[in-house]
Amino acid sequence: APAAAATATAPTTGPGIGDGSRYILQAGAFQASGQAEELKARIALLGLTARVESARINDRTVYRVRMGPYGTAGDLAEAKQKLANGGLDAMAIKVE
């Protein structure tokens, strides 16, 4: 069964935002690359750019749909709102 799309959200204000930190948005993670590509296409229809990144976790390949990085709270919030308007959710991840 595919991994569920990430539904947790991070605050768009507070520590980290605006202090030079950068964030990416992860809109989903799947075991099948085709599902990740479908989500990437849905995001493109919303006027946003996403990419599919693969990662090995517990000897399995996971395909993550990610956007960004975003350097400001406004950019991050705008992208999350566009996704939400399209019925999609995303989780903010701080980039080290």
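Visitor: How many bridges join β1 to β3?
Guide: In this predicted model, strands β1 and β3 run antiparallel to one another. Within this pair, G28 stands opposite V65 in β3. The number of bridges that join β1 to β3 is six.

Visitor: In which order do the four strands of the open sheet lie?
Guide: Besides the pairing of β1 with β3, seven bridges join β2 to β3, and five join β1, residues 22-30, to β4. The edge strands, each pairing on one side only, are β2 (51-57) and β4 (91-95). The pairing in the open sheet is antiparallel, and the order of its strands is β2-β3-β1-β4.

Visitor: What pattern does the protein follow when read along the sequence?
Guide: The secondary structure comes to two helices and four strands. Helix α1 spans residues 33-45 and lies across β1, β2 and β3, while α2 covers residues 73-85. Read from one end of the sequence to the other, the pattern is β-α-β-β-α-β.

Visitor: At about what angle does helix α1 run to β3?
Guide: Strand β3 comprises residues 60-70, and helix α1 lies across this strand as well as β1 and β2. Between the helix and β3, the angle is about 20°.

Visitor: Which element gives the most residues to the largest nonpolar core?
Guide: The largest nonpolar core holds 18 residues, of which L25, L39, I43, V65, M67 and L83 touch the most other members. Two or more residues come from each of β1, α1, β3 and α2. With four residues in this core, the element that gives the most is β1.

Visitor: With which residues is I43 in contact, leaving aside its neighbours within four places in sequence?
Guide: I43 is one of the core residues that touch the most other members, a group that also includes V65, M67 and L83. Once its neighbours within four places in sequence are set aside, the residues in contact with I43 are A27, L48, A50, V65, M67, L83 and L88.

Visitor: What is the phi of D59?
Guide: D59 is found in the loop between β2 and β3, and is exposed with a relative accessible area of 71%. Although D59 is not a glycine, its phi is positive, at about 60°.

Visitor: Which peptide bond is cis, with omega near 20°?
Guide: Most peptide bonds are trans. The cis peptide bond is the one from G68 to P69.

Visitor: What share of the contacts with a separation of 6 or more comes from residues 24 or more positions apart?
Guide: The protein has 96 residues, of which buried residues make up 31%. Among its contacts with a separation of 6 or more, the share that residues 24 or more positions apart account for is 67%.

Note on methods. Residues numbered from 1 in each chain as written. Predicted model: local features only at pLDDT ≥ 70, side-chain atom pairs only at ≥ 80, totals over all residues. Heavy atoms only, no water. Pairing = 2+ DSSP bridges. Contact = heavy atoms within 4.5 Å. Axes fitted to C-alpha atoms, helices over the stretch in contact; angles between N-to-C directions. Core = buried A, V, L, I, M, F, W, Y, C linked by side-chain atoms within 4.5 Å. Buried < 20%, exposed > 50% of the residue type's maximum accessible area, 1.4 Å probe, protein only.
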